[in-house]
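Student: Could you take me through one part of this model up close, the ligand site and the helix packing that goes with it? I'd like the cut-offs spelled out as you go.

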Amino acid sequence: MNQPVGVPFLDLKAQYEPLKEQVQIAFNEILNNTSYIMGREVTMFEADFAKFCHTKYAVGVANGTDALVLALRALGIGVNDEVITAANTFIATCEAISLVGAIPVLVDCDSNYNLDVNQLASVITDKTKAIIPVHLYGRPANLAAVCAFAKQHQLFVIEDASQAHGATFKGQPVGGFGDIGCFSFYPGKNLGAYGDAGGIVTNNEHLYATICKLRNHGSIKKYHHDLIGYNSRLDTLQAAVLQIKLGHLKTWNASRQSHAALYQKLLCDVSGIILPPQDDDTYNSVHHLFVIRVLNQQRDALQEHLGKQGIGTGIHYPIPVHLSLAYRELGFNKGTFSNTENQAHEILSLPMFAELTQEQIHTVTDAIKLFFVGAK
Ligand SMILES: *Cc1c(COP(=O)(O)O)cnc(C)c1O
């Protein structure tokens with residue numbers, strides 16, 4: 001009975017165990033004082049998160065998708081407006097644009113999975129109002145180029161930092177480069193709640209005030225509704241978890257970075273795969289995902305091989321937004337965004353979380369090497 005040891009793709013329990021007591025104390029307090037909605041933990045977390053992002057303001061909201069919706073609304077973006085984003089993002093980026101009535105305008109990504117800034121000029125129109133760069137897999141988009149282009153054309157920038165809490169571009173944390181930065185605290189993200197949660201950061205006082213209203217039925221004073229808003233508050237219980245976890249985020253991100261470095265070292269000689277871009281002085285990734293590309297149509301076979309050893313993997317994302325059923329109305333054909341589409345057949349996300357051990361990483365890389373030796 002030689003069961004393979006296996007390595008999970010993500011192990012949320014490993015993160016919960018050491019925090020258990022602290023979380024339960026915080027939960028008990030909230031349960032006892034029944035401050036479920038907009039309790040003081042929300043304000044406390046917002047202050048800490050703004051500090052973490054080096055921004056003036058942070059607002060807790062219900063999830064990352066809502067963060068994007070509220071950001072677009074706060075900037076006055078709606079019907080007949082166009083918003084540019086990357087074709088290789090998670091669908092929520094695009095959905096948010098559609099949900100406010102605007103039109104998502106997609107551009108292809110480059111070989112580093114970032115929105116290809118060279119394509120911005122070819123898609124801009126009179127209707128373009130904003131760009132949403134996505135810091136996919138935890139690596140910042142080219143914020144210098146995006147912000148310069150936006151400034152030149154008087155466009156807003158909303159960063160989708162849902163996968164990049166704490167990543168830095170030229171030493172500055174992402175989220176504060178654009179007009180508004182949006183975060184998801186979905187459980188599997190680098191900073192994750194115990195349910196759905198999201199956050200918005202900005203340096204603009206007026207936008208901050210509007211977002212505070214939008215998330216709570218257009219109101220900051222009970223029953224005084226200034227705007228048609230949403231019910232998109234951050235739960236007090238989630239804020240308490242997030243505040244506890246935020247204190248560990250730098251350490252956890254550093255662990256992910258050392259795991260990524262070990263993967264790079266152990267896999268650098270394997271032919272048949274392309275490793276993710278490495279950090280430099282400009283780009284500092286927090287490795288939400290460690291995504292390799294598997295060449296020669298071997299991706300599915302490798303994934304199956306790893307699965308048989310109990311090694312969890314993922315594909316982020318198998319169907320590009322423009323080819324999904326939901327967006328058939330945009331009318332894109334296969335072949336429109338060749339990098340995004342080719343990568344969708346090659347990308348494979350390996351196990352990545354702060355608590356991953358060196359031994360587990362060796363288990364993964366040994367299994368990958370064995371696959372390619374066997375394939376020869
Ligand atoms: C997770 C994610 C979102 C959406 O966040 P939710 O909290 O699940 O609504 C948006 N954009 C990207 C890039 C994400 O990874």
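Tutor: Start with Gly64, where a backbone N or O atom sits 2.7 Å from an oxygen atom of the ligand. Two side chains make polar contacts too (pairs of N or O atoms within 3.5 Å; within protein, one must be able to donate a hydrogen and the other to accept it, and residues adjacent in sequence count only if both atoms are side-chain atoms). Ser184 puts a polar side-chain atom 2.6 Å from a ligand oxygen, and Asp160 has one 2.8 Å from a ligand nitrogen. Of the 13 residues around the ligand, the nearest are Gly64, Thr65, Asp160, Ser184 and Lys189; being near takes a heavy atom within 4 Å.

A word on what you're looking at: this is a predicted model, where local features need pLDDT of at least 70 and side-chain atom pairs count only at pLDDT 80 or more, while totals for chains, interfaces and linings use all residues. Residues are numbered from 1 along each chain as its sequence is written, and side-chain values use heavy atoms, with hydrogens and water left out.

Now for helix 3, which covers residues 64–74. Helices here are DSSP runs (H or I, at least four residues), strands are E runs of at least two, and both are numbered from the N terminus. Helix 3 packs against helix 4 (residues 91–99) at about 40°, with the axes 9 Å apart. Those axes are lines fitted to C-alpha atoms, for helices over the stretch in contact, and angles run from 0 to 180 degrees between N-to-C directions. Helix 3 and helix 4 are therefore oblique to each other; under 35 degrees counts as roughly parallel, over 145 as roughly antiparallel, 65 to 115 as roughly perpendicular, and the rest as oblique. Their crossing is right-handed, meaning the near helix is turned clockwise from the far one by less than a right angle, with anticlockwise giving left-handed.

On the helix 3 side, Thr65, Leu68, Val69 and Leu72 meet Ala92, Thr93, Glu95, Ala96, Ile97 and Leu99 of helix 4, where contact means heavy atoms within 4.5 Å. By class, that contact has seven nonpolar, two polar and one charged residues. The classes are Ala, Val, Leu, Ile, Met, Phe, Trp, Tyr, Cys and Pro as nonpolar, Asp, Glu, Lys and Arg as charged, and the others, Gly among them, as polar.

Helix 3 has another partner in helix 7 (residues 205–214), packed at about 125° with axes 9 Å apart. That makes helix 3 oblique to helix 7, and this crossing is right-handed. Here Leu70, Arg73 and Ala74 of helix 3 meet Leu207, Thr210, Ile211 and Leu214 of helix 7, giving five nonpolar, one polar and one charged residues.
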